[in-house]
Amino acid sequence: MTARRVLGAIGRTATAVLLALLVVSTIATAAMTQLAYRTDIRPTYTKDGLLTILVIGSDIGMPDRSGDPLRGRSDGTHLIAVDPRRKRATIIDFPRDSLIGGTKVNAHMSAGGPEALKRQLEAYTGIPIDFYALTTFRGVSEMARLLGGVEVDVEQRMSDPFSGTSFGPGTIRLDGPGSLAFVRDRKSFSDGDFSRTRNHGRFMRAAHAQIRREQSDLGSLTHLTGAFARNVVTDIPADQLLPLALLATQIPPEHVHQEALSGSTGTGADGASVVHLRPGLAFERIKVGQVGPGE
């Protein structure tokens with residue numbers, strides 16, 4: 001149909017039809033949104049009532065390192081526990097050198113894939129893990145690009161030629177390459193990988209808050225879900241991705257707690273440097289359903 005008016009009566013009829021279509025479309029979109037928000041996805045979780053997702057950053061993958069990302073080292077290892085009913089979440093950050101299962105935590109995936117890492121963390125924490133989601137260098141950069149950049153608070157000067165950081169302190173919106181540089185940098189910090197691991201969690205929290213603030217409508221979430229599927233390897237069922245994205249938008253940023261684990265450094269059986277974690281009550285709180293800040 002062209003925008004040219006042929007006859008006045010036909011033009012008025014076309015306008016009425018167009019308005020009707022717009023109204024119907026708006027009502028349908030609203031109905032779909034409400035339906036998606038009411039979708040009950042909890043039966044796919046374990047019976048503890050919590051959703052737990054292991055988030056993995058593989059050190060293998062284009063463009064920097066070729067190979068199978070599923071058999072790389074997990075240089076980013078984070079356990080996210082969500083209470084879908086109370087809309088609260090906790091992120092636990094594991095330093096890559098954490099001694100778990102007799103070796104560094106980042107070595108388990110290279111030996112047996114994401115499922116092996118998942119089993120080791122379940123045994124170590126005592127927390128059942130429902131799903132895993134794994135991404136790569138390119139995945140981080142691409143998803144940040146599709147978000148229009150990610151706004152983060154840079155706490156101190158970051159300058160590292162290896163990762164590519166050159167950021168002053170303050171709030172900055174990082175593009176794709178900048179986001180990747182931010183999460184890879186450890187040499188700018190006196191405590192090295194401890195700060196890098198904590199920045200992983202801070203980056204995820206910033207992205208979550210930004211999506212909730214800027215892209216929480218159904219159309220944007222559908223687009224982002226597709227981007228997630230293209231840039232992440234996961235065992236989350238495909239029909240659960242959009243409902244989970246909608247669930248994430250219902251969790252206020254102030255209801256998200258980040259627990260960056262620390263510990264003492266030492267030497268493992270193979271002579272490599274390891275971290276002996278001091279998790280405190282982090283795991284116990286999740287096991288009894290205490291998720292989110294102040295729990």
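**Exercise 1. A proline in helix α4**

Is P177 buried or exposed?

Solution. This is a predicted model, in which local features need pLDDT of at least 70, side-chain atom pairs count only at pLDDT 80 or more, and totals for chains, interfaces and linings use all residues. Residues are numbered from 1 along each chain as its sequence is written, and side-chain values use heavy atoms, with hydrogens and water left out.

Step 1. P177 belongs to helix α4, residues 176-184. Helices are DSSP runs of H or I with at least four residues, strands are runs of E with at least two, and both are numbered from the N terminus.

Step 2. Read its accessibility. The relative accessible area of P177 is 56%, so P177 is exposed. The scale is this: buried is under 20%, exposed is over 50%, and partly exposed is in between, with a 1.4 Å probe and protein chains only.

Step 3. P177 and R138 are 39 residues apart along the chain, and their C-alpha atoms are separated by 8.9 Å.

**Exercise 2. Along helix α6**

How many residues has helix α6, and which of them are buried?

Solution. 

Step 1. Helix α6 covers residues 218-231 and has 14 residues. From first C-alpha to last, α6 reaches 20 Å, close to the 20 Å expected at 1.5 Å a residue. The expected span is 1.5 Å times one less than the number of residues.

Step 2. List the buried positions. They are L218, S220, L221, L224, T225, A227 and N231.

Step 3. Look at one of them. A227 has 2% relative accessibility, so A227 counts as buried. A227 and E142 are 85 residues apart in sequence, yet 8.4 Å apart in space, C-alpha to C-alpha.

**Exercise 3. Aromatic rings**

How many aromatic pairs does a search of the whole structure find?

Solution. 

Step 1. The search finds three. Rings of Phe, Tyr and Trp (its six-membered ring) pair if their centres lie within 6.5 Å; planes under 30 degrees apart are stacked, over 60 edge-to-face, and the rest tilted.

Step 2. Take F94 and F283. Their ring centres are 6.1 Å apart and their planes lie at 15°, so this pair is stacked. F94 is in strand β3 (residues 88-94) and F283 in helix α8 (residues 282-287), 189 residues apart. F94 and F283 are both buried.

Step 3. Y124 and F283 pair edge-to-face, 5.7 Å centre to centre with 75° between the planes. Y124 lies in helix α2 (residues 108-125) and F283 in helix α8, so the pair ties together parts 159 residues apart in sequence. Y124 is partly exposed, at a relative accessible area of 31%.

Step 4. F94, Y124 and F283 make one aromatic cluster.

**Exercise 4. Charges over rings**

Solution. 

Step 1. R184 lies over F137, at 4.2 Å from the ring centre. The test asks for NZ of Lys or CZ of Arg within 6 Å of the ring centre and within 35 degrees of the ring normal.

Step 2. K187 lies over the face of F162, at 5.0 Å from the ring centre.
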